[in-house]
Amino acid sequence: LVEGALHETIDALLLEDWRLDMNELIESINQILPNADAGYYDEYDEDDDNYEGEKAQAIRGWIRSVLRKIIHYQAEHQRILDEAADTLKVGLPRDIVIVVKNILPFLELPTHTFG
């Protein structure tokens, strides 16, 4: 269910614990779906008693969890980078600060937004 941008962002996270946590969360849907009721939908049902099922509810909840967590880790990642940059600016000579400013963009996460 998950491809591309999210995996790129996960791979770029600073801490391995964050990457492991995200990958476990992504894989968790594979444990949930096999046991969930699929529900049913009948477009010709005049009584409108269609049943959404547990799978749809589980997927929506799982997506919310994945998004909430990746947004949190993105914010923490940026906070750590900003803190490191500020520390370097104070403690290093001016020419090295210029070099650091040129390196920091390579440490930033991909520009995908998930929220």
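This is a predicted model: local features need pLDDT of at least 70, side-chain atom pairs count only at pLDDT 80 or more; totals for chains, interfaces and linings use all residues.
**View 1. Helix 3 along its length, residues 54-91.** The helix has 38 residues, which at 1.5 Å a residue should span 56 Å. Its end C-alpha atoms lie 55 Å apart, in agreement with that expectation.

**View 2. Buried residues of helix 3.** Ala58, Trp62, Val66, Ile70, Tyr73, Gln74, His77, Leu81 and Ala85 are buried. Their cover includes helix 1 (5-12) and helix 2 (16-32). In an α-helix there are 3.6 residues a turn, so residues three or four places apart point the same way.

**View 3. A nonpolar patch on the surface, made of Ile63, Leu67 and Ile71.** Together the three residues have about 210 Å² of accessible area. Ile63 has a relative accessible area of 37%; because this value falls between the cut-offs of 20% and 50%, Ile63 counts as partly exposed.

**View 4. The one aromatic pair of the structure.** The ring centres of Trp18 and Tyr73 are 5.0 Å apart and the ring planes meet at 20°, so the pair is stacked. Trp18 lies in helix 2 and Tyr73 in helix 3, so the pair ties together parts 55 residues apart in sequence. Trp18 counts as buried at 10% relative accessibility, and Tyr73 is buried with a relative accessible area of 9%; the cut-off for buried is under 20%.

How values were computed. Residues are numbered from 1 along each chain as its sequence is written. Side-chain values use heavy atoms; hydrogens and water are left out. Helices (H or I, at least four residues) and strands (E, at least two) are DSSP runs, numbered from the N terminus. The expected span of a helix is 1.5 Å times one less than its number of residues. Buried means under 20% relative accessible area, exposed over 50%, partly exposed in between (1.4 Å probe, protein chains only). Contact means heavy atoms within 4.5 Å. Patches are made of residues with over 30% relative accessible area and no salt bridge: like charges are joined within 9 Å, nonpolar side chains (Val, Leu, Ile, Met, Phe, Trp, Tyr) within 5 Å. Accessible areas come from the Shrake-Rupley method with a 1.4 Å probe; for residues, only the protein chains shown count as cover. A salt bridge is a side-chain nitrogen of Lys or Arg within 4 Å of a carboxyl oxygen of Asp or Glu. Rings of Phe, Tyr and Trp (its six-membered ring) pair if their centres lie within 6.5 Å; planes under 30 degrees apart count as stacked, over 60 as edge-to-face and the rest as tilted.
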